[in-house]
Amino acid sequence: MKNYIDLSDIEDLPALLEDALKLKNNNSNPELGKGKTLGMLFFNPSLRTRLSTEKAAKLLGMEVMVMNINSDGWALEFEDGQVMDSNKAEHIKEAAAVLSQYCDIIAVRAFPELKDKERDNAELVMNGFKKYASVPILNLESATGHPLQALTDALTIIELKTVKRPKVVLTWAPHPKALPHAVPNSFVQMMQKMDVELCIANPEGNDLNSEITNNTKVFHDQDEALKNADFVYVKNWSSYENYGEVLKTDEDWTFNQEKLRGTNNAKVMHCLPVRRNVVIADDVLDSENSVVIHQANNRTFAAQAVLRKLLKG
Amino acid sequence: MKNYIDLSDIEDLPALLEDALKLKNNNSNPELGKGKTLGMLFFNPSLRTRLSTEKAAKLLGMEVMVMNINSDGWALEFEDGQVMDSNKAEHIKEAAAVLSQYCDIIAVRAFPELKDKERDNAELVMNGFKKYASVPILNLESATGHPLQALTDALTIIELKTVKRPKVVLTWAPHPKALPHAVPNSFVQMMQKMDVELCIANPEGNDLNSEITNNTKVFHDQDEALKNADFVYVKNWSSYENYGEVLKTDEDWTFNQEKLRGTNNAKVMHCLPVRRNVVIADDVLDSENSVVIHQANNRTFAAQAVLRKLLKG
Amino acid sequence: MKNYIDLSDIEDLPALLEDALKLKNNNSNPELGKGKTLGMLFFNPSLRTRLSTEKAAKLLGMEVMVMNINSDGWALEFEDGQVMDSNKAEHIKEAAAVLSQYCDIIAVRAFPELKDKERDNAELVMNGFKKYASVPILNLESATGHPLQALTDALTIIELKTVKRPKVVLTWAPHPKALPHAVPNSFVQMMQKMDVELCIANPEGNDLNSEITNNTKVFHDQDEALKNADFVYVKNWSSYENYGEVLKTDEDWTFNQEKLRGTNNAKVMHCLPVRRNVVIADDVLDSENSVVIHQANNRTFAAQAVLRKLLKG
């Protein structure tokens, strides 16, 4: 694997998932990463991604260097040809090239601003690193994708499914703040690669980018979509059409026991952090149907599987 | 040991102190912590606690992951049943459960707000982690206690005492800001477990929580209390009665050479950081009576002894 | 080596440079640093220095603890005899003594304020640590010097020179913000120790401290200075005479292809971060004459060579 920036970087998904499951059962192999360094650069906060990736790297024997780039380092310029006379002190050309000398893999988290759709879709940060780094780039969630989360999600569904081809519903839920599309985008793309029956439920005005949803069926009636679901992935995202806007915040779409009853006793997933009683109600999160903690645990093994592939080149 | 949240978690104090002294003489035993991860979560600043605990863990062979939770991660909700529609993005239920999967021990620092006595006494943060984590919790200073500091203090007194049952005086000293009661609380509780003659000196209005001081004699006349002292522990704390208020800032109670002369050539202790010439005068801190640097060094060995106990379960 | 605070701490420069080159070819020797801890304290941002020094220490087998002192720890007082009743919570006397117990080497970055020349020249922070620490101090860039950068620069010139005694020109370039003199100061001092023909080019009003430039020729005509240059080190600094002022920001002195043509096909150096098209133009940075990435890579080996010397004492 050369990079892990989006799901197209995966060459053999079943093999990668099998690797992750093996690593879950037996963490050993600290030789592969010995003498290798993972540099983790955060433009945004992170708990699970930060700790699970750091842990995964150390389980592989790697050294890890973590930077909150905005506070620890210098503001970076990502556009070419700029006269850098304002607040950006360093260009990605230098930063990526230099980091490639200190690190064997560079992991980057960079959220979108949710103000300019074209700019966010251009993935300036991730593509800047990809273009100018000479070592593999690992996406820790970018403007439009979160492939490590998607691999975790696939792993969780494979582990917990009880039928060969489960029905998986991605349902929108309310949230007070405008959230990115990265997690639902990558989840949809990952499910499209798997042997599941996928559909999406969201209010009108909240359809995801149609270039990503493609032929996946989108319901604007949540109850309709949830029928017979084996897995329900609950997640908020802001409007893609009215880019970055929060169109709806009432609790109609909050996922609760009543909605769960409309499913096939579904397992309930979420990437976390989850706002209780806004996105998912206590009565679901505290029930046996919730697998969010199990799912979060899989972050470590998904990260380990990907890091191994990147180390092997 | 299941947790180290307050001094009641200690099963056998003499054995624990002996362990710490042994570790001080010989740091080796990197096998016990091998493959284990300490997660350190800071809601507040830290120098000694951060570095001594990180060092202790690494001396035991552990990996350490450090997070400044407010800037690196997500604001946490600690109350149950909340509709999380404001600024708190993650509930302690999820955070503690997830961290328990990435870490073998979770260490937490969370100061009180000093505005609402009952809320601070409820120890929401520490108890939230204790309730929802499935791994041991290590208190790096909470709203009402600092048991790692207290173990360090006990160790220092045991090492440096020249009589079987020394007189130990905890004396209040002025400070411009409102400080927590955690350090004096835990110091008092620890001394009550030891073979020392303990008394407390503080101005009227600054008595500590009587449920903690219990039968320990409290003087409002500092000179009276200091007589024949073998150890003087100097420390500021805000009012407990007029909760969180700074009632007195003049230098009457600043500990200086003149006051030292009223003791039995006492050794002078402080948990650090100490404001010179406000809490303790230069002429004491720069004298041979000051053992504050020796005391700070013991932080590493107290932390090692506790981490070993927690690793052994 | 007892400390590495300024270039006078180097006992044998050719031997040190040879060590660094050897380390570049073969990174192994993780035994020397085993069980030793490097504490890195940052009062200011850092990317290259942070990561290259951390990496260097880990390559030597050391544990590394990193603190952003302002946000992670306590504000430090560096002046003696103060009544510490304002915002400084800890005195350097205690901080340095305590850190000396947790760390085997203390590395410190502390920029000048560029407001009070005498205060900056006094190097309060670095000298405070030197005075009160009992372990070696490593300068990660102080008010007036950046000796790790200078060693990197020397290494780069030795590796890339094609004549025995190259002509090396340090040229000022514009920058929108007031920058310190640390990098040019240490570069000049290092070149003065080497077998090169050194001169400096800067606008009137921007002469460096004459106690440092000494007999080194200073040109106020950039073109004149650049003639026959084998190496051009481009760098901005604020005025030393009108201390900390930015006297000139127009692009007359921006280093570009036209200026490069006036040299002996010079190699172009910069310590990074560099503001493109302000300090150096794209047409130079993206040309084969630029060695800034090569130079940044040498940071790791310069740091390793110095850390080895400090570990050996």
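1. Between chain B and chain C of this predicted model, 15 residue pairs are in polar contact, both residues of each pair being at pLDDT 80 or more. On the side of chain B that touches chain C, three elements each supply at least two residues: α2 (48–59), α12 (282–285) and α13 (292–312) of chain B. Of these, α2(B) provides the largest share, seven residues. Sorted by class, that side of chain B has 12 nonpolar, seven polar and 11 charged residues.

2. The contact between chain B and chain C draws on 30 residues from chain B and 29 residues from chain C. About 2600 Å² is buried between the two chains, and carbon and sulfur atoms give 58% of that area.

3. Five salt bridges are found across the interface of chain B and chain C. One of them joins the side chains of B:Lys58 and C:Glu63, with an N to O distance of 3.8 Å. The cut-off for a salt bridge is 4 Å, so the B:Lys58 to C:Glu63 pair at 3.8 Å is counted.

4. The elements giving two or more residues to the side of chain A that touches chain C are β2 (63–68), α3 (69–72), β4 (90–91) and α4 (92–102) of chain A. The most comes from α4(A), with seven residues. By class, this side of chain A holds 13 nonpolar, nine polar and seven charged residues.

5. For the pair of chain A and chain C, the contact takes 29 residues from chain A and 30 residues from chain C. The area buried between them is about 2600 Å², with 57% of it on carbon and sulfur atoms.

6. On the relation between copies, chain B is superposed on chain C by a rotation of 120° with 0.0 Å of shift along its axis, at an RMSD of 0.0 Å. This is the relation of a three-fold axis.

Note on methods
Residues numbered from 1 in each chain as written. Chains lettered and ligands numbered in written order. Predicted model: local features only at pLDDT ≥ 70, side-chain atom pairs only at ≥ 80, totals over all residues. Heavy atoms only, no water. Least-squares fit on C-alpha atoms with pLDDT ≥ 70 in both. Contact = heavy atoms within 4.5 Å. Buried area = accessible area lost by both parts, 1.4 Å probe. Helix = DSSP H or I, 4+ residues; strand = E, 2+ residues; numbered from the N terminus. Nonpolar A, V, L, I, M, F, W, Y, C, P; charged D, E, K, R; others polar. Polar contact = N/O pair within 3.5 Å; in protein donor to acceptor, adjacent residues only side chain to side chain.
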